[in-house]
Amino acid sequence: MLTSTSKRIPVALWIWYRGGNFRGFQRQTEGPTVQEALETALRAVGVPASVMPSGRTDRGVHARMQVVSVRLEAGDSPESLARRLPEHLTPGLGLCLVRRPQGFHAQWSASGKAYRYRLRLGGPQTEDWAPYSLDVPGEPGLLGRGNTVTPERVAELLARAQGTRDFIAFHEKSSPQKPRTLESATLHERGGGLYEVRLVGDGFARYQVRYLVGGALKVAAGLLPEEAWHAALETGAAMEGFKAPAHGLMLWEVHYPPKVDPFTAPERLQPPGLPPESPFSE
């Protein structure tokens, strides 16, 4: 007998994953995908439900915090699911928290997101960060000019991208063309030549972060005139950009209004169950 969805319990799952283990988030014919792995694990613990993410990540993109909405059968509980689910998750996919929020939807309740892109601008590539960061000096897409890129120049160009615009020159045309606000775009040094681009905004179109980072690198390498960068930002003029590789990108955090946020500030700072090593380390 079918159970009415109105009798089911809506819960929010905070999951993490290493993108190199999957062909993106969304279920597709050729797996594995995060959605497929998560829904298979849910079925294994008696939850035959589809998941709704805060947004889809592409193949190779990692997530420190991806949030998904799921409905449990009446009589089940977030606490029980949090105990049952982890042992059924595949390598590279994990669970931090399960919460039962009120009036919440993982995607439609979101007020913004934070992404981080890791890149190496100098020093030797280390084994622990090699799978999760772009080696700029050795990147073929920069035609041997990656070793001329300086942190100061990248930071200057990224700061210019802050503000509200449609960013049409920096995302796939399959994404809606509409105003989006990039609240901050900054570069932070992690040591040993490793840097981290941090971007926070109210929403991001497909490939927007990768085109922004790649475009800034291309201008900084002298392969694209700065005037083209400014025109792309201000007027949406097309430019011959560079889409930074997926393996350096991470969905860092999903933001929600305080009244519906399933997760507390301390949990966001120190998520239980999140691996302490790269690429999730601060």
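Colleague: Where does Pro-279 lie?
Modeller: Pro-279 is in the segment after α6 (265-269). Helices here are DSSP runs of H or I with at least four residues, strands are E runs of at least two, and both are numbered from the N terminus. A cis peptide bond links Ser-278 to Pro-279, with omega about 10°.

Colleague: What should I know about the model itself?
Modeller: This is a predicted model: local features need pLDDT of at least 70, side-chain atom pairs count only at pLDDT 80 or more, and totals for chains, interfaces and linings use all residues. Residues are numbered from 1 along each chain as its sequence is written, and side-chain values use heavy atoms, with hydrogens and water left out.

Colleague: Which residue does a cis peptide bond join to Pro-32?
Modeller: Gly-31, with omega about 0°. Pro-32 sits in the loop between β1 and α1.

Colleague: How do I read a nonpolar core, and which members touch the most others?
Modeller: In soluble globular proteins, nonpolar side chains tend to be buried together. A core is a set of buried Ala, Val, Leu, Ile, Met, Phe, Trp, Tyr and Cys residues joined through side-chain atoms within 4.5 Å. Buried is under 20% relative accessible area, exposed is over 50%, and partly exposed is in between (1.4 Å probe, protein chains only). The largest core here has 85 residues; Leu-13, Ile-15, Leu-38, Val-70, Leu-85, Leu-119 and Trp-229 touch the most other members. Strand β1 (residues 9-17) gives the most to this core, with 8 residues.

Colleague: How do α3 and α4 cross?
Modeller: Axes are lines fitted to C-alpha atoms, for helices over the stretch in contact, and angles run from 0 to 180 degrees between N-to-C directions. The axes of α3 (residues 151-160) and α4 (residues 208-220) come within 9 Å and cross at roughly 130°. Under 35 degrees is roughly parallel, over 145 roughly antiparallel, 65 to 115 roughly perpendicular, and the rest oblique. So α3 and α4 are oblique to each other. Arg-153, Val-154, Leu-157 and Leu-158 of α3 meet Leu-212, Ala-216, Leu-217, Val-219 and Ala-220 of α4.

Colleague: At what angle do α4 and α5 pack?
Modeller: About 155°, with the axes of α4 and helix α5 (residues 226-235) 9 Å apart. Leu-212, Gly-215, Ala-216 and Val-219 of α4 make the contact with Glu-226, Trp-229 and Leu-233 of α5. The two helices are therefore roughly antiparallel to each other.

Colleague: Is Ala-161 buried or exposed?
Modeller: Buried, at 1% relative accessible area. Ala-161 is in the loop between α3 and β7. Leaving aside neighbours within four places in sequence, the contacts of Ala-161 are Phe-167, Leu-182, Leu-212, Trp-229 and Leu-233.

Colleague: What is phi in Phe-167?
Modeller: Near 55°, a positive value in a residue other than glycine. Phe-167 lies in the loop between β7 and β8 and counts as buried at 1% relative accessibility. Leu-143 also has a positive phi, about 55°, and is not a glycine. Leu-143 is exposed, with a relative accessible area of 64%.

Technical notes: Contact = heavy atoms within 4.5 Å.
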